Number of protein chains: 2
Amino acid sequence: MADGTGGNQQIALGVDLGGTNLRSAAVTKSGEIVFETHRPTFASEGVDSVIDRIALAIREAADAAGVGKDVPVGVAAPGPLDPRRGIVHFAPNLPGWRDVQLRDRLQSLTGRPVILGNDANAAALGEFIFGAGQGSQNMIYVGLGTGIGGGVIAEGRLIDGIRGMGGELGHVTVDLDGPRCTCGSPGCIEAFCSAWSITHEAELLVASGRGDAIHAGAVNGTIGPRAVGAAAANGDPAALALLDRAGRALGAGLANFINIFNPEIIVLGGGVSEIGEPLLAPVRRAIDTYAMAVMTSDVRLIPSSLGLKTGIYGSAALVFYDDHP
Amino acid sequence: MADGTGGNQQIALGVDLGGTNLRSAAVTKSGEIVFETHRPTFASEGVDSVIDRIALAIREAADAAGVGKDVPVGVAAPGPLDPRRGIVHFAPNLPGWRDVQLRDRLQSLTGRPVILGNDANAAALGEFIFGAGQGSQNMIYVGLGTGIGGGVIAEGRLIDGIRGMGGELGHVTVDLDGPRCTCGSPGCIEAFCSAWSITHEAELLVASGRGDAIHAGAVNGTIGPRAVGAAAANGDPAALALLDRAGRALGAGLANFINIFNPEIIVLGGGVSEIGEPLLAPVRRAIDTYAMAVMTSDVRLIPSSLGLKTGIYGSAALVFYDDHP
């Protein structure tokens with residue numbers, strides 16, 4: 001349908017499957033979370049055990065919310081996955097997952113319609129339907145987590161390509177000879193501005209003796225984006241330079257999305273985005289450098305409004321967005 | 001409509017407005033060109049004179065094809081332009097063109113519905129409806145001309161954003177510190193693999209004394225992509241290295257489009273693409289390096305099938321594709 005939202009559903013169930021936690025919820029069309037729970041994924045116990053646990057989480061949410069058997073469940077899972085056929089091809093944080101027919105197995109275990117989606121694309125739909133992207137029709141979502149995921153809404157529709165694997169915004173190259181990414185390619189924005197890449201750079205600084213301020217900002221001894229952000233906020237030159245490099249690459253990537261999509265809104269989410277100004281200032285400078293001015297003036301860069309609820313809202317959004325039934 | 005093509009139109013008029021030539025035609029829905037003409041644009045005579053000449057070209061095509069007053073005309077023009085409002089904001093090769101309301105002026109001069117489109121987006125629609133992209137639903141078109149233009153079809157729809165200015169595929173950055181592009185940004189694929197950038201690099205080689213083979217391949221003394229391609233085909237190391245650099249950057253850009261769009265087809269058009277293997281070999285290597293394997297296997301890289309008729313078919317395609325009436 002034209003606006004990409006809607007359907008007759010007034011309430012949906014949602015499951016956010018992560019490598020560590022498994023969340024389930026019941027969410028109304030207007031965005032009220034009527035029930036929510038989470039449990040460990042226990043991914044090491046293997047595929048069958050995890051799938052049983054997902055089915056249990058779905059039943060729990062359905063019972064608590066008192067919804068009927070006809071209410072569908074959206075399942076947001078790590079990719080790469082094929083949402084059209086319902087198959088998780090591979091998931092780095094879920095040992096043993098190789099071409100798992102997750103959708104059909106959950107449908108037979110729960111008796112409900114199941115809609116499977118990539119977690120990053122689901123997050124984009126969540127922001128579009130329930131969050132910062134509400135009311136827009138052309139939106140880019142970029143989630144700066146351990147890795148970088150994303151999703152594109154163009155004219156109200158999720159852009160995910162012939163097999164639904166598109167929207168891999170974290171793996172856009174902005175530096176032909178840049179640092180190697182986990183995907184194997186050089187110069188992806190994930191290799192500059194994800195939690196893993198910022199942590200890697202911070203550890204190098206600490207090891208080289210130039211990371212004292214970052215080390216001082218470490219929470220429970222953990223060097224990571226938060227420690228870098230804290231050091232940068234205190235004016236530490238090494239931390240500022242690290243975030244300048246990370247933000248410049250991210251901003252060039254966002255500029256690419258602006259030149260390709262002429263969007264209204266870019267929503268930045270994920271833990272790394274909470275660093276705020278020390279990261280966002282170089283991001284904005286890079287957008288001004290790399291994007292075409294005629295389109296930069298159309299777009300607003302805004303933070304996610306769903307925060308820690310992104311996964312839950314995203315999974316429910318898979319149901320309310322019925323473009324790919 | 002679902003497939004993005006169609007409408008009731010059985011025949012359309014089309015105008016391809018270039019800085020040098022002005023082409024007009026009548027094209028049937030099945031792709032037969034029933035009449036075609038071209039004349040110089042005489043851009044130096046100014047906006048009003050060019051618009052009168054466009055109206056004349058439209059009348060000429062309509063009269064020759066014997067079509068009624070209700071038959072619309074698609075006008076493909078250089079950008080940036082606003083297809084929704086019908087305004088050409090600026091056109092580097094058309095002196096004096098600044099925020100020209102081309103659509104409405106042509107509508108009143110000809111009494112016909114006029115659909116204005118960016119020439120690169122129109123070319124993408126032309127390949128989609130009449131050319132190499134027929135039958136696909138997820139297609140990227142990249143035209144390697146003097147500059148680099150492009151267009152994206154996702155699930156049968158042209159992706160052009162909130163004001164219709166998207167699809168600027170030539171201005172995607174793949175090298176944060178790369179060569180400066182005409183758009184002002186560093187590292188755009190246009191700054192590596194367009195006719196102007198290849199010519200610039202070739203001229204530097206000739207000036208440095210390493211361009212003898214390229215010079216020998218020059219047609220009428222003109223150093224350009226064709227001369228470079230001829231030298232490379234003869235095994236000249238300097239020409240091969242030049243095209244290796246150009247093709248690598250283009251391939252990384254195409255890899256970005258693959259990771260974003262999970263397309264079925266990438267259509268390469270424009271004069272530079274006629275260099276063939278010496279350029280395409282590094283393009284394919286870069287796609288393998290920079291794109292995610294799971295999506296590379298879905299896509300075919302194919303040449304434009306419209307060639308010199310791209311402009312005419314593209315302008316007519318603006319009419320047959322009625323997604324943005």
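**Domain contact and chain pairing in a two-chain model**

In chain A, 11 residues of domain 1 are in contact with 15 residues of domain 2 (two residues are in contact if their C-beta atoms, placed from the backbone, lie within 7 Å). The model is predicted: local features need pLDDT of at least 70 and side-chain atom pairs count only at pLDDT 80 or more, whereas totals for chains, interfaces and linings use all residues. Residues are numbered from 1 along each chain as its sequence is written, and chains are lettered from A and ligands numbered from 1 in the order in which they are written.

**Domains of chain A**

- Domain 1 of chain A covers 11–126 + 309–320, and domain 2 covers 136–305; these bounds come from an automatic or database domain assignment.
- The centres of the two domains of chain A, taken over C-alpha atoms, are separated by 27 Å.
- On the side of domain 1 of chain A that touches domain 2, helix α3 (residues 119–129) gives the most, with six residues (helices are DSSP runs of H or I with at least four residues, strands are runs of E with at least two, and both are numbered from the N terminus).
- That side of domain 1 of chain A consists of six nonpolar, two polar and three charged residues (Ala, Val, Leu, Ile, Met, Phe, Trp, Tyr, Cys and Pro count as nonpolar, Asp, Glu, Lys and Arg as charged, and the others, Gly among them, as polar).

**Contact between chains A and B**

- Each partner is represented in this contact by 39 residues, 39 from chain B and 39 from chain A.
- On the side of chain B that touches chain A, two or more residues come from each of α8 (237–261), α9 (277–290) and α10 (293–296) of chain B.
- Of these, α8(B) supplies the largest share, eight residues.

- B:Gly131 lies in the loop between α3 (119–130) and β9 (139–144) of chain B.
- B:Gly131 is buried, as 27 other C-beta atoms lie within 10 Å (buried requires 20 or more such atoms within 10 Å, exposed 12 or fewer, and partly exposed lies in between, with C-beta atoms placed from the backbone).
- Not counting residues up to four places away in sequence, B:Gly131 touches B:Gly126, B:Ser304, B:Ser305, B:Leu306 and B:Tyr313.
- B:Gly131 and B:Pro303 are 172 residues apart in sequence, with 9.9 Å between their C-alpha atoms.
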